[in-house]
Structure formats: C-alpha cells, structure tokens
Amino acid sequence: GGAMQARISKRTVDALCASDAGTAWLWDSEVKGFGVRCRGASKVYLVRYRLGSGRGAPIRTVTIGRHGSPWTAEMARTEARRILGVVAAGSDPAAQKVAERAAPTVAESARRFLEEHAEAKRKPSTVAEYRRLVTLMLPALGKQKVKSVTRADVAKLHHGLRSTPYQANRLLAVLSKMFALAEVWGWRPDSTNPCRGIERYKEAKRERMLSAEELSRLGVALAAWRGSPYVPAAVRLLMLTGARLNEVLTMRWDWVDFERAEVRLPDSKSGAKTLHLPVAAITVLSEIPRIEGNPFVIVGERTGCHLVNLQKAWRSIRAQADLPDLRLHDLRHAFASVAASSGLGLPIIGKMLGHTQPATTHRYAHLASDPVKAAAELVGKSIADSLGGSTNNTG
C-alpha cells in the first residue's frame, strides 16, 4: 500500500484512509521510525527500529496501540520516543514484548508446584488437599502472569473466602509456598511474596475436650456396639495412643512389639515414628481376634484388607453416646489434652503425638498445668504435714 510522510497528528491520522490496496502507512517526519498503519477503520501506531548498526542489522517492529482507544497521536509519539530511547540504550523492546507474552501464568505455576513440590515430597492425602485449594484459586488468578500478582490480588481472594476462615487460611499458606517456589524458579523477583503481610482470619479452635463424664458415656456406647469387633478396638486405640486415624487403620501385627509395649510405624504423616502402648492399649490389642493370613490389626470387610471406613460406624456410636459433634480426630485432641493437664511437658506430648513442629503441640499449652504451681503445692503440703494439724496439742 501507499506510504506517506508527514507530521503525525490528529488531523493527518484522520485524513489517512486505506487506499484500494487495503493498507496505508503514514511515517512521522520528526521521529524516525514512528508510524501509523491504516487498514479499513482500524488505525494502529507502531515504531520500527534497527537492532544494532550497519545495513544488515535486523529490523524490528513494536506495536504501540490503536488510535483513539486509548492512544492519541501525541501519546503515541511520546511512547515511540521512549521505545527508541530504550533501543538506543542497547535493549530490544520487541523481544521483551514476546518474553512478556510467554511469561508463565499462575495456572502454569500451580501445575509445576503440584508436580514438582507436592507430588514429589508430600503424602497423597496432602497432595489432594493442595490440589483442592489450588483449584479454588484458579478462577480468580489462573490467567494472570505469576510475576504480576500483587498483595491486593491475594488479599481480595482471601477476603472472598471469609465465610470459611479455616479454608481461607489454608489457601493462603499453599499460595505462599507456591509464590516462594516461583521465586526459586526465577519466575518472580526475589522477596516479593504477595501473601506476606496478609492477616490470617481467626479460626474457631477445633479442639474438643472430653470430660470424664463424656468419656464414660463413650465407653458405654463402645461396650454396647454389636457390629464388627474391630470398630470399638480401633476407637479405643485412637483414644489410648493419640495416634492418627490412618496410623491405627493401617497398623500391621508385625509392627507391634508386645515386649517393649510399642508399635513401630515405618511411615506416618510425619515419617517413621513409634507409638508407645499403655497397659490398656496392650489389653485391647491382646483381645483383638487375629485373622489367619491378614497382616492388619484392624480387619476390614474384604479378605486380607484393613478396615477402610470407620466414619459410618463412628456416627452411630457417637449418637449412642449422645456426643453428636465429636469427630474421630477429636480423640487425638482428647489424648493430648489429658497429657497436657497431667503436667507433662509440651516437648514430650509432641513426641507422643509425632508432631514435627513445636508449634503444632503449642495449641495445648493453655491446658498445661503450671509446674511451678504444682511444685509450690507439693512443698506446701509437705510443710503442712510436718507442722501437723492446727489444733494445739499441749499435753
């Protein structure tokens, strides 16, 4: 098509119309390389430059934008000057634009996070949870470039989940990990995690402590259970060891050492760990019927398998005990809370429960009886005993 040269202005651009050939060009008489291309009704500002000096140097084109939405001739001229300045300084804006378009999105970052980090290093149940949380976030952030996500974006997402504070906080934790890895992969500048500084919601504490009276109601309901004997056995083991549900359900006889009163779990959520068995737990184990050829302690319906689902039976037991809101996981909390209020130190409790982080055990700190108070009580009692009663024994 035809190419003309004139000072690019609103008047000259409006006058420029596509010739019959379909495309007309107007090159600016002041800024070398600044032009406007007209095809039909569409007029687009652009800038052309040579990469390097010499006749053989490649020519590059960068599109500035469409005339009128939002570019005016003057804005486009200013932008053309800026781009040519960048070129003069030795950069290649066209290549940068291509790189910008190819920059990884949040969705790509999430995919890599799940494959390389979660699946490689976490348990399947954790991976499933990460995947669920990531899926929550994709509609809002998935298409964004991972390097351009701001704290405001993440805060908005977190705020949108305020009705489920626990979930909102878990999502924040997973995103924080993902953005940290994006920095490691060079997909975001260092120390720019957009999750930093966003205040977590207060979570309703999920610990439910069992009173002695509730424990005894549960005991009655377990004794009255008429289904599989493995069901009450599993519940009792959960209560007496503080083990996780999965650790009890997948427990094998060859991990149980009656002599040393312990169960060696080769791979729990937090890695290999030893469950210590109190006498009551040993009793439960010694009364469990063993099935020839089944390696599992808690036997399921199917031959050679362990019990897979305790939830259905548990719902009926807890209804019987009139404890409608009690979750199986609360039995672990009950174990921990009894340990804490018995004056055992948090590090010991953490070891019994197999916590890898002290912070996990710390939620029981408010239950721990004060050892100083206990000691003062002991000393006071001892002195009082020596002093004898308050009655004056004078002969």
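This is a predicted model: local features need pLDDT of at least 70, side-chain atom pairs count only at pLDDT 80 or more; totals for chains, interfaces and linings use all residues.
Is Phe-34 buried or exposed? At 0% relative accessibility, Phe-34 counts as buried. Good morning.

Let me begin with the aromatic residues. Phe-34 has a partner, Tyr-45, and the centres of their rings are 6.0 Å apart. Their planes meet at 25 degrees, so the pair is stacked. Phe-34 belongs to strand β3, residues 34-39, while Tyr-45 belongs to strand β4, residues 42-50. The pair therefore joins distant parts of the chain, 11 residues apart, given that helices and strands are assigned as DSSP runs. Tyr-45 is buried too, with a relative accessible area of 0%.

The structure holds 4 aromatic pairs. Another of them is formed by Trp-25 and Trp-27, whose ring centres are 5.7 Å apart. Here the planes are at 5 degrees, so this pair is also stacked. Both Trp-25 and Trp-27 are buried.

The charged end of Arg-112 sits over the ring of Trp-187, at 5.1 Å from its centre. In the other case, the charged end of Arg-290 sits over the ring of Trp-253, and the distance to the centre is 3.9 Å.

I turn now to the nonpolar cores. Which residues have the most contacts inside the largest nonpolar core? They are Leu-218, Ile-288, Ile-298, Leu-310 and Leu-331, in a core of 41 residues. Several elements each supply at least two residues of this core, including α8 (212-224), α9 (230-241), strand β7 (262-268) and α13 (328-341). The largest share, 8 residues, comes from α9.

Leu-218 deserves a moment of its own. If we leave aside its neighbours within four places in sequence, Leu-218 is in contact with Met-239, Trp-314, Ile-317, Ala-321, Leu-323, Leu-326 and Leu-331. There is also a second, separate core, with 28 residues. Among its members are Leu-114, Val-146, Trp-185 and Cys-195.

The next topic is salt bridges. The count comes to 20.

In one, the side chains of Arg-7 and Glu-74 meet, with 3.6 Å from N to O. Arg-7 lies in the loop between β1 (3-6) and α1 (10-15), and Glu-74 lies in helix α2, residues 73-88, so the pair ties together parts that are 67 residues apart in sequence. Arg-7 is partly exposed, with a relative accessible area of 36%, and Glu-74 is partly exposed as well, at 41%. Arg-7 and Glu-74 also take part in a network of salt bridges, in which they are linked with Asp-28, Glu-30, Arg-77 and Arg-81.

Another salt bridge joins Glu-79 and Arg-82, whose closest N and O atoms are 3.0 Å apart. Being 3 residues apart in helix α2, Glu-79 and Arg-82 are separated by about one helical turn. Arg-82 counts as partly exposed, at 48% relative accessibility.

In a further salt bridge, the side chains of Glu-119 and Arg-131 meet at 2.4 Å, N to O. Glu-119 is in helix α4 (residues 106-121) and Arg-131 is in helix α5 (residues 124-141), 12 residues apart, and the pair links distant parts of the chain. Glu-119 is partly exposed, with a relative accessible area of 43%, and for Arg-131, also partly exposed, the value is 37%.

Where does Ser-91 lie? Ser-91 is in the loop between α2 and α3 (93-102), and it is partly exposed, with a relative accessible area of 27%. Apart from its neighbours within four places in sequence, Ser-91 is in contact with Leu-51, Val-86 and Gln-96. Between Ser-91 and Gly-56 there are 35 residues of separation in sequence and 18 Å in space, C-alpha to C-alpha.

Finally, let us consider the chain as a whole. The protein chain has 16 helices and 8 strands. A compact globule of 395 residues would have a radius of gyration near 21 Å, but this chain has 35 Å. Its C-alpha atoms fill a box of roughly 125 × 70 × 40 Å along the principal axes. Of the 395 residues, 39% count as buried. Among contacts with a separation of 6 or more, 54% are between residues 24 or more positions apart.

To close, I return to the opening residue: Phe-34, at 0% relative accessibility, counts as buried, and its ring is stacked with that of Tyr-45. Thank you.

Terms used
Residues are numbered from 1 along each chain as its sequence is written. Side-chain values use heavy atoms; hydrogens and water are left out. Rings of Phe, Tyr and Trp (its six-membered ring) pair if their centres lie within 6.5 Å; planes under 30 degrees apart count as stacked, over 60 as edge-to-face and the rest as tilted. Buried means under 20% relative accessible area, exposed over 50%, partly exposed in between (1.4 Å probe, protein chains only). Helices (H or I, at least four residues) and strands (E, at least two) are DSSP runs, numbered from the N terminus. A charge sits over a ring if NZ of Lys or CZ of Arg is within 6 Å of the ring centre and within 35 degrees of the ring normal. A nonpolar core is a set of buried Ala, Val, Leu, Ile, Met, Phe, Trp, Tyr and Cys residues joined through side-chain atoms within 4.5 Å. Contact means heavy atoms within 4.5 Å. A salt bridge is a side-chain nitrogen of Lys or Arg within 4 Å of a carboxyl oxygen of Asp or Glu. The radius of gyration is taken over C-alpha atoms; the globule rule is 2.2 Å times the number of residues to the power 0.38.
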